[in-house]
Amino acid sequence: MLAKPLPNEKFKFALEDLGGKHRINLQGTIDEDTKFDDMKNITTPIIFNFKGVGTINSCGVRSWVNFIKELSNLEVTYEDCPPVIVRQLNMIPSFRGHAQVVSVYIPYICASCDTEKMVLVPHDQWGSVNPVIMCDNCAKEEMEFDGDPEQYFAFSK
């Protein structure tokens with residue numbers, strides 16, 4: 001795995017060669033300083049793992065949309081998308097481009113102890129997401145899906 005810090009120290013990525021495709025693990029903040037130039041040279045299918053992305057602003061969204069357009073000839077997959085990325089997928093269809101989204105994190109919150117939890121859910125389970133789960137912290141209450149499941153998965157329709 002090769003970690004490549006970009007000029008914007010708030011954003012880094014690590015490239016994994018999976019034999020015939022590459023996974024790019026993204027980490028940090030995607031904003032006006034983020035450059036994707038080092039990722040444009042990949043010629044195999046790409047899996048973007050968004051697990052480490054904490055924030056993205058409107059300038060970062062614009063940069064990402066332009067970057068994804070340049071990869072139109074490659075197979076692109078998005079995995080482990082946190083809520084900050086799911087919001088972009090729902091608001092800006094071009095953020096997804098031609099990519100297939102295969103997994104997202106779903107936010108849950110416990111009304112009793114205010115514990116938050118992210119649960120990774122693969123594509124084939126989006127239609128059967130449990131709106132409540134048991135709280136690991138207080139074990140007294142069920143944690144509820146923090147949002148509306150129908151709206152959360154609107155990008156997949």
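In which helix is the place of S58? The place of S58 is in helix α1, in a predicted model for which local features require pLDDT of at least 70 and side-chain atom pairs count only at pLDDT 80 or more, while totals for chains, interfaces and linings use all residues. Residues are numbered from 1 along each chain as its sequence is written, and side-chain values use heavy atoms, with hydrogens and water left out.

The chain contains four helices and 10 strands, where helices (H or I, at least four residues) and strands (E, at least two) are DSSP runs numbered from the N terminus. Read from the N terminus, the order of elements is β-β-β-β-α-β-α-α-β-β-β-β-β-α. The radius of gyration of the chain is 17 Å, close to the 15 Å given by the globule rule for 157 residues, so the chain is as compact as a globular protein of that length. In this comparison the radius of gyration is taken over C-alpha atoms, and the globule rule is 2.2 Å times the number of residues to the power 0.38. Along the principal axes, the C-alpha atoms fill a box of roughly 50 × 30 × 30 Å.

Of the 157 residues in the chain, 42% are buried; buried denotes under 20% relative accessible area, exposed over 50%, and partly exposed the range in between (1.4 Å probe, protein chains only). Among contacts with a separation of 6 or more, 53% involve residues 24 or more positions apart, a contact being defined by heavy atoms within 4.5 Å. The chain exposes about 8,500 Å², of which carbon and sulfur atoms supply 48%; accessible areas come from the Shrake-Rupley method with a 1.4 Å probe, and for residues only the protein chains shown count as cover.

The chain carries 15 positive and 22 negative charges, whose mean positions are 6 Å apart. Lys and Arg count as positive and Asp and Glu as negative, whereas His and the chain ends are not counted; the place of a charge is taken as NZ of Lys, CZ of Arg, CG of Asp or CD of Glu. Side chains of opposite charge can pair when their charged atoms come close. Seven salt bridges are present in the structure, each defined as a side-chain nitrogen of Lys or Arg within 4 Å of a carboxyl oxygen of Asp or Glu.

One of these salt bridges joins the side chains of D33 and K10, with an N to O distance of 3.4 Å. This pair links distant parts of the chain, with D33 in the loop between β3 (22–30) and β4 (46–56) and K10 in the loop between β1 (2–5) and β2 (11–17). The two residues are 23 residues apart in sequence and 8.6 Å apart in space, C-alpha to C-alpha. Both partners are partly exposed, D33 at 37% relative accessibility and K10 at 41%. Not counting residues up to four places away in sequence, K10 touches Q27, G28, T29, D31 and D33.

K40 takes part in a salt bridge with D37, the closest N and O atoms being 3.2 Å apart. K40 has a relative accessible area of 31% and is partly exposed, as is D37 at 46%. A salt bridge also connects K40 with E70, with a closest N and O separation of 3.3 Å. Since E70 lies in helix α1 (residues 58–70) and K40 in the loop between β3 and β4, the pair ties together parts that are 30 residues apart in sequence. E70 is partly exposed, with a relative accessibility of 46%. Elsewhere, salt bridges that share partners join K10, D31 and D33 into one network.

With a relative accessible area of 59%, S58 is exposed. S58 and Q88 are separated by 30 residues in sequence and by 9.5 Å in space, C-alpha to C-alpha. T77, by contrast, is buried, with a relative accessible area of 11%. T77 lies in strand β5 (residues 76–79) and touches I46, I47, F48, Q100 and V102, not counting residues up to four places away in sequence.

D80, which is not a glycine, has a positive phi of about 55°; its place is in the loop between β5 and α2 (83–91), and D80 counts as buried at 13% relative accessibility. In D114, also a residue other than glycine, phi is positive and near 65°. D114 lies in the loop between β7 (103–110) and β8 (116–122) and is exposed, with a relative accessible area of 58%.
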